Amino acid sequence: MNNLNKVNMQRFFISVLLALCGLAASAQMMPDSTVQICAYWSVGDKYDYYVEESTKKVNSQGDTVSNELSSRIMRFEVVGSTDSSHQIRLTYLDEKSTNPQNEQIYQISRALDLNIPILFSTDANGVLLSIDNLGDIVSGYEKLIDPLMEIVKASIPEAEKEEFDFSPLKEVMRSMLCNPQTIQTGIMEDIGRLYFFHGARLKMDETYKMEEPLLFILPGIDNLTAQTNVWIEGDLTDEYSAVCRTYSCAEMGEDFLKSAIEGAANMTLDAMEVSDSLTSEIKNEIDEMMEDKDISYQLSWEQYSTEEVHLNTGWPLKLYIDKYIKVTPPEGETEETIESKSIEIIL
């Protein structure tokens, strides 16, 4: 079978399988050559997606100095539906990572049966509205703290354990892992682009510009927005599926860096219950440090995404995201972090 026939056969099978939950829906290619992404979902719809991610650090010569890989299955199942909303259960399966810390968390989660599904709601068109069981997810992370602390304790030499106070470290770990804002941001970062175009009606090959808030895992960072271009790729869009693209960019200067450092410091100080006088002293040292131009850094952020959405049902078929973060010190060489993610439906 040649490559063209393989592609046509794959499209045929995807079309038949997805049409089973969208027989009553009309195609979303509009008579005026616009495209509208809508969710024609029903209770019981269930699809698995294979996810691969990589985080690569590159020096100024273009050499890769580190590379972390991870993979998992994301299972989406519609568990509730009304005329104005859908509720979806997301379950993570078969999580693997080359990052030792992440892999330990996965192993502990499996051993303690802490794979708590995420419940989230969308409106009738599939626009994300809320995370519905955030409290349960936070409680699940709470159960990870003690096993993780045992791993930390095992890494400390026996001679130092008697003098080592683990309590502050445990509280810092709790504040990082069990912060509801942090957890919600991580979830939105993971699935937000899958539903980015739902509810939108766009002309093909016309670029729309918008400001998009950036989400940060670390709480306390000042709000920052990216300039985002949005468009539908006309050459690749037909009655079967729409190919949707975004390009975003943002410059992060000294104010962002100061906000990030202060956010990390505040979270640590709060967890350790440091006295007000020591807190003020540390914050003054941060201010003095930030006034030193020798440590002034510039950060640039770019992101490209391409998504294919099945038009008769509104289920995403594929999503590819590439993110580039460059750090430029006042003196020295620029370093770049490249994060790539692919999400593909399994049929």
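A: Val-230 has Thr-246 in β10 as its bridge partner. The model is predicted, so to speak of local features takes pLDDT of at least 70, side-chain atom pairs count only at pLDDT 80 or more, and totals for chains, interfaces and linings use all residues. Residues are numbered from 1 along each chain as its sequence is written, and side-chain values use heavy atoms, with hydrogens and water left out.

Start with β9. This strand covers residues 225-232. Strands here are DSSP runs of E with at least two residues; helices are runs of H or I with at least four, and both are numbered from the N terminus. β9 pairs with β10 in the antiparallel sense, over six bridges. Pairing requires that DSSP finds at least two bridges between two strands. β9 also pairs with β8 (residues 208-213), again antiparallel and over six bridges. There, Lys-209 has Asn-229 of β9 as its bridge partner.

The two faces of β9 can be listed. Ala-226, Thr-228, Val-230 and Ile-232 form the covered face. Thr-225, Gln-227, Asn-229 and Trp-231 form the uncovered one.

Move on to β10, residues 241-252. Twelve bridges join β10 to β11 (residues 298-310), and the two run antiparallel. Tyr-247 stands opposite Tyr-304 in β11. Tyr-304 in turn has Asp-322 in β12 as bridge partner. β11 and β12 (residues 316-328) are antiparallel too, joined by twelve bridges. Their hairpin has five residues between the strands, and Gly-314 takes a positive phi near 85° there.

Now the packing. A nonpolar core is a set of buried Ala, Val, Leu, Ile, Met, Phe, Trp, Tyr and Cys residues joined through side-chain atoms within 4.5 Å. Buried means under 20% relative accessible area, exposed over 50%, and partly exposed in between, with a 1.4 Å probe and protein chains only. The largest core has 41 residues; Phe-76, Leu-90, Ile-118, Phe-120, Ile-191 and Tyr-195 touch the most other members. Helix α3 (residues 134-155) gives the largest share of this core, seven residues. Another core, of ten residues, lies apart from it and includes Val-35, Ile-37, Leu-202 and Ala-242.

Finally, the whole chain. Its secondary structure comes to eight helices and 13 strands. Of its 347 residues, 41% are buried. Take contacts (heavy atoms within 4.5 Å). Among those between residues at least 6 apart in sequence, 65% join residues at least 24 apart.
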